[in-house]
Structures are given as C-alpha cells and as structure tokens.
Amino acid sequence: MITLYFWPTPNGYKISILLEELGLPYSVEPVHIGKGEQFSPEFLKISPNNKIPAIVDPDGPGGKPYALFESAAIMMYLAEKSDYRFMPREMAARYNVVQWLTFQAASMGPMLGQTHHFREYAKEKIPYAIDRFTSEAGRLYRVMETRLSETEYLAGEYSIADIAAYPWLRSHAFQGQQLEDYPSIERWYKAVRARPAVQRGLAVLKERFEKNRKPPTGKAWDNLFGNNQFAAKPAGGPNDDASK
C-alpha cells in the first residue's frame, strides 16, 4: 500500500485525487505544515525540499520500496505505474499531457500561490506585489480559457494535467478571479468537480482543512512563510533508509 504524506493543500489534493481516480490502495500520513512537521529529519529523508506531497511506494521499480517527492513527478510515476492511465503511452499524446502538467507546476502553481499569499497572507499589504501577481494570475487564466475553448480538457481527454490544475482554481476568488469571467474554464471546472473520485480525493483530511481556513498566525505563519521556513534544515535524500 502506498503511503501518501499529505496536508490539505492544492498540491496535496493533486495526489489524493489521482490515487482515487486510479483506485490504488493508499494510506495517509498527515504532515501538519502549520506545526512544522515538514521539517522533521524523517520527512526530509523522503522530501528534501520540505514540501508535501510525497509518497513511499513499497512496490517500486524492481519491486523495491521507492520514495518520491514533487507533485508532478509523483503524478507521472503513478500514471505510468498504472499502465499509463490519464497519461497516454503514445509519445506525442503523452507530451501533450506533460506540457500542460508542466504549465500548471511551473507557472500556475507558483504564480497563483504568490497571488494568494500577497492578497491574503502577507503581513504587509504591498500594492505593487498584489497588482503584479493578480495581473499574472489573470493572464494565466486567459491561457487556460483559450485552451479550454478549443478542447474539452487541457490535453484533449481528461488527464493528470486536469487533476493537477483543478485544486489550484478552487481558490480563484482569493486570486482575484471569478470563474464567470472565463466560461470555458467554468464549464471545465464543473465537469472535473463532478467526478466521484475528485470528491473522494478532496475529502481526505477534510476536517483538518475546515479547521485551518483562517490565515495562519504566530508559529504557524513562521513555519509556512517566515523564519522557520528559511532556517537551515538537516539534509536528507529521497531514497535512503527512511524509504525502506
């Protein structure tokens, strides 16, 4: 059974949703990022970037335990492990998925995260930062809108690219965006949200999410955005003893 190291964030939901879509058995190991559990030496051996999600697959390549971090890499691994479900085997179609997955991981995730941060979490409201990232969020939404006006899903058929993008758009209001301004995104968003596996993936640690809706303060803020986040941490590798 795969162990999912998880906290209810957009990146965490990518993996819980995909595991549900694939029907792979998994257990959840909560990593409370507000309490700083992502900095524990044990977790850093699995995820050296001190970020969730991460997984340990006891039946990895060669039948050996295998640890993996970074959500896009985990999604590709799980899709390939499941006989290329939600990521085509054929090269051109597969890289059509990969490019939209990378668009989410390299552009949408970081920029929407910064937008949310400066609009909602930053202790000092900086107009330049708010305007800069809100404008970039709007640009990225327009890229998605154009694409989804041409095809039902980001890569044509439903894929890991859609699973990756959907959780990040759930906070669209905090990113200064309204779905009704993007009719193709709104159509896509409703279609993805309606999938039973998506609902099950979003239900993982739901009670923790409900308790953590308020912006973090004090030690939680420092663990997520402040001094604790940037302090030197013990080094760890993703496939040493902790993954065995």
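## Exercises on helices and charged side chains

Aspartate 162 sits in helix H6 (residues 160-169); helices here are DSSP runs of H or I with at least four residues, numbered from the N terminus. We're working with a predicted model, where local features need pLDDT of at least 70, side-chain atom pairs count only at pLDDT 80 or more, and totals for chains, interfaces and linings use all residues. Residues are numbered from 1 along each chain as its sequence is written, and side-chain values use heavy atoms, with hydrogens and water left out.

**Exercise 1.** Work out which side chain of opposite charge is nearest to aspartate 162, and which residues aspartate 162 contacts.

*Solution.* 
- Step 1: Lys and Arg count as positive, Asp and Glu as negative, while His and the chain ends are not counted.
- Step 2: The nearest side chain of opposite charge is arginine 187, 7.6 Å away.
- Step 3: A salt bridge needs a side-chain nitrogen of Lys or Arg within 4 Å of a carboxyl oxygen of Asp or Glu. Aspartate 162 has none, yet is buried (under 20% relative accessible area; exposed is over 50%, partly exposed in between, with a 1.4 Å probe and protein chains only).
- Step 4: Leaving aside neighbours within four places in sequence, aspartate 162 is in contact (heavy atoms within 4.5 Å) with Tyr153, Leu154, Glu157 and Trp188.

**Exercise 2.** Find the salt bridge between arginine 200 and glutamate 20, then look at the one between arginine 139 and glutamate 136.

*Solution.* 
- Step 1: The structure has 5 salt bridges in total.
- Step 2: Arginine 200 and glutamate 20 pair up at 2.9 Å, N to O. Arginine 200 is in helix H8 (residues 196-202) and glutamate 20 in helix H1, so this pair links parts 180 residues apart in sequence.
- Step 3: Arginine 139 and glutamate 136 meet at 2.8 Å, N to O. They're 3 residues apart in helix H5 (residues 127-148), so about one helical turn separates them.

**Exercise 3.** Describe how helix H1 (residues 10-22) and helix H3 (residues 71-81) pack.

*Solution.* 
- Step 1: Their axes are 10 Å apart, at an angle of about 5 degrees.
- Step 2: H1 and H3 are therefore roughly parallel (angles under 35 degrees; over 145 is roughly antiparallel, 65 to 115 roughly perpendicular, the rest oblique).
- Step 3: Residues of H1 that meet H3 include Ile15, Leu18 and Leu22, and those on the H3 side include Ile74 and Leu78.

Methods:
Axes are lines fitted to C-alpha atoms, for helices over the stretch in contact, and angles run from 0 to 180 degrees between N-to-C directions. Helices (H or I, at least four residues) and strands (E, at least two) are DSSP runs, numbered from the N terminus.
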